[in-house]
Each structure stands twice: as C-alpha cells, then as structure tokens.
Amino acid sequence: MALNRIVSALTAGKLRIAVVGLLVVAAAVGGAFALGVVGVPSVAAVNNSFGDVTNETTVVETDLVVSNPNPIGVGLDGVSIDYTVSMNDVEMASGGREGVSVASGNSSIAFETDLENDAIPPWWTSHVENDERTTVAIDATVTSDLLGRSANLTRTRQVETDLIGAFTSDETRPVNADAPLVDDPVLYVNETRGRWGTVSEEETPIEMEFDAYNPNLEPYVVTEIGYDVTMNGVAMGSGSTEEEYVIPSYGSETVELSAALRNERLDEWWVTHLDESVNGHQVSDLRIEFYAVVELPSGEELTVQLDALTYEETIETDIFDEGLDRGKGSDTGNSADSDGGDNTSDDGTSDDGGNTSDGGTSDDGGNTTDDDSGDDDDGLLPLVVGR
C-alpha cells in the first residue's frame, strides 16, 4: 500500500508539472502573439476568375493565399476572412471563410461567391458616367477575435473601354437608295459625331450627329432616321427621330439622333460577354445599324438602309487580370494594407509590414493590362508579403 501511495504521488506530481508546463507554453505563445513576436497570419495574394454564369448569377472563383509567418501550422478557429469585390463602389460579390487551419508559409484557400447579375446595370451606369472607366476593388480582411486584431488588404485595378469614340469620323460616305429611277447617291454623309448622353436608371443614350450633303438639283426631305443597337446579338435598343430635316440642293444639314440602350437588357448581355463560345471570354461586339426614310421631290418616300453608316466596335475587358491579353484598354493597379487601421503604400517593393503598391501602364487596345514591377506572380495579385 505504501508503494502504491508513492507511485500515485509521483504520477500526480508529473501531471501537475505537465499541466503547468502547458499553461506556461500557452501563456508564452499568447504573449508572443500580443507582442508581435509570433506573426498573425494574413492574406498574401488573391487570384480571381469568372466561373459558371446563369441568367441570374455569375460565379466568382477565388484562390486566396494566406501567409503564415510562423514556423508551425496555426489553427484559425478564432479567425475569419471576409472578401468583397466592387466596381466603381458598386458591390458585385462578397464572401468569406471561418475556422481555417494553415501550415507554415503560404496556403491557398479556394472558395466561390455569387455575383448577382442585377448589379450589372448600376455598374454600367457608373462606368459610362465615369468616362468609360471602372475601378475594380478587391478587399480582403483577416480578423482575429482572440487577439482583437485585423488586417485589411485592398487591391485596385483600373479598366477602361472606348465604345463610341470611333463613331466620330470625317469620312465621307455615300447613301444609295438602290431604287429604280433614282440617281445614286441620294445623299452623302460627310461627318459623324457621337457622345454619351445623360444616363438614367432606365437607359444609356448615345447622342449622334450626321452632317448630310445633297448632291442633287432638288431638295430632299429626311422624314425619319431609325436605329437598332445590339451587343453580341442581344437587342439593346431601337428607335427613330421624330423631326424632319430638309437638305437643300447642293447643301448640307446636320441631322441629330439619340440612340438609347435599354439598361434592363444589360444583365442578359453580360451573360454573353462572359460566354467564351459567343465571341470569346469577356468579348462583345457592339453594332448600331441605321435606316432613313427619304422623301423625293416627287413626293415618293423611300426607306434606305444606311449600310455605309453601320457602326461596329469590339468591347473587351479583363476585369480580374486573368491575362486574356486581347485588344484595347488600360489599367493601373495598387494595393494597400492596414493592421489596426494603419494604411501605407510604397513604390512596389515590400516592407516589413508587407505593404505594396504598384502602378500600371496602358496599351493601345480595349482590354486591360497590368504592369507590376517585380517578378511574374503567375496571375496572383500581390497584396501583402508577410515575412
């Protein structure tokens, strides 16, 4: 019995020592975190791409790289990651993840968020009102409930398009009636001009002007000019002028026309814009066709298809810098990091806090490119380099 009591006392003593040791280790680790000796895991990079698209939603696929600067893995039961994508301050998609465990170094976490397609019209409105420029902002926040600390990482990207710039032209184009007993051309269009009108929630108007010249001995009356606008074959709008224009013999007249895109059709267009089988991923064809109703000196009216004035433009975007490398446009990128509210930026190199900022260059096409000083990141957008 005495031997049993001795063994029991020794065992209890070792157990107490082990418990005390664990408490000391836990306190030391907690203190190390508090003092910053042990690093708090942060987001190192974000890689986005578009996934499946339906008439209602667009899947945004995200690979989020979490950087753990500690020599051992960390269970992030008390850490949450929140993630938001916005375009010109219009929130497009948001999501997050809780209770993630990461090994030492960088770990990739994949998740999906849904972009509601009904967010496309308000974004489009902002894009046109901002001279066809969009700021894509990717915000990721890592929050530790245990430590009461968070790090906010923001990556921005500028995307530009030029849908109607090429409509402005001083090219002379003939207008042929292709009708019996009518001498062609009935008119010449010597110059065209186009600009965006005042955008509303319902429509996006394109204000157009045509300088028409009459090469004939008799004046012509243009009683109507109509238009049809399509984007990737989706009917975006149609209409006609309500004003008559008299074009004098050997004289010119400026004809005005407002072609309105119906914003309610933009979400339908968006589906085709992301459908690679239509024109390629994030590629669209804008097409505007015109017709005119011309009253001849005899009083006869002819409907003339203005094929020479048909306007076509390719819309190409690379919203998430997927490296599509097509066509026109420009973007610039920058990133910022905050830890407890402190934001800093530098010239593209990383500091001890892992804050980066970079710049972009533009090419001469309609897509987007990103010029990040440094090594190729294989499509990852550098946010924080935790070292």
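This is a predicted model: local features need pLDDT of at least 70, side-chain atom pairs count only at pLDDT 80 or more; totals for chains, interfaces and linings use all residues.
Residues are numbered from 1 along each chain as its sequence is written, and side-chain values use heavy atoms, with hydrogens and water left out.

**View 1. Phenylalanine 50 and phenylalanine 320 form a tilted ring pair.** The structure holds 12 aromatic pairs (rings of Phe, Tyr and Trp, the last by its six-membered ring, with centres within 6.5 Å; planes under 30 degrees apart are stacked, over 60 edge-to-face, the rest tilted). Here the ring centres of phenylalanine 50 and phenylalanine 320 are 4.8 Å apart, and the planes meet at 35°, so the pair counts as tilted. Phenylalanine 50 belongs to strand 1 (residues 42-53), and phenylalanine 320 to the loop between strand 17 (311-316) and strand 18 (329-330), so the pair ties together parts 270 residues apart in sequence. Strands (E, at least two residues) and helices (H or I, at least four) are DSSP runs, numbered from the N terminus. Phenylalanine 50 is buried at 9% relative accessibility, and phenylalanine 320 is buried at 2% (buried means under 20% relative accessible area, exposed over 50%, partly exposed in between; 1.4 Å probe, protein chains only).

View 2. With phenylalanine 210 in strand 10 (residues 203-213) and phenylalanine 290 in strand 15 (residues 283-295), the pair ties together parts 80 residues apart in sequence. Phenylalanine 210 is buried, at 3% relative accessible area, as is phenylalanine 290, at 2%.

**View 3. The largest cavity has a volume of about 110 Å³.** A cavity is a set of points on a 1 Å grid over the protein atoms alone where a 1.4 Å probe fits but cannot get out; lining residues have an atom within 4 Å of a point. Grid points are joined across faces, edges and corners, and a volume is the space filled by probe spheres set on the points. Phe210, from the previous view, is among the lining residues, which also include Val175, Leu187 and Ala292. The lining comprises 12 nonpolar, no polar and no charged residues (Ala, Val, Leu, Ile, Met, Phe, Trp, Tyr, Cys and Pro count as nonpolar, Asp, Glu, Lys and Arg as charged, the others, Gly among them, as polar).

**View 4. The second largest cavity has a volume of about 90 Å³.** Of its 13 lining residues, Trp123, His127, Thr161, Ile315 and Thr317 are closest to the centre.

Key. On a 1 Å grid over the protein atoms alone, a cavity is a set of points where a 1.4 Å probe fits but cannot get out, and a pocket is an open set with protein on both sides within 12 Å along at least five of seven lines; lining residues have an atom within 4 Å of a point.
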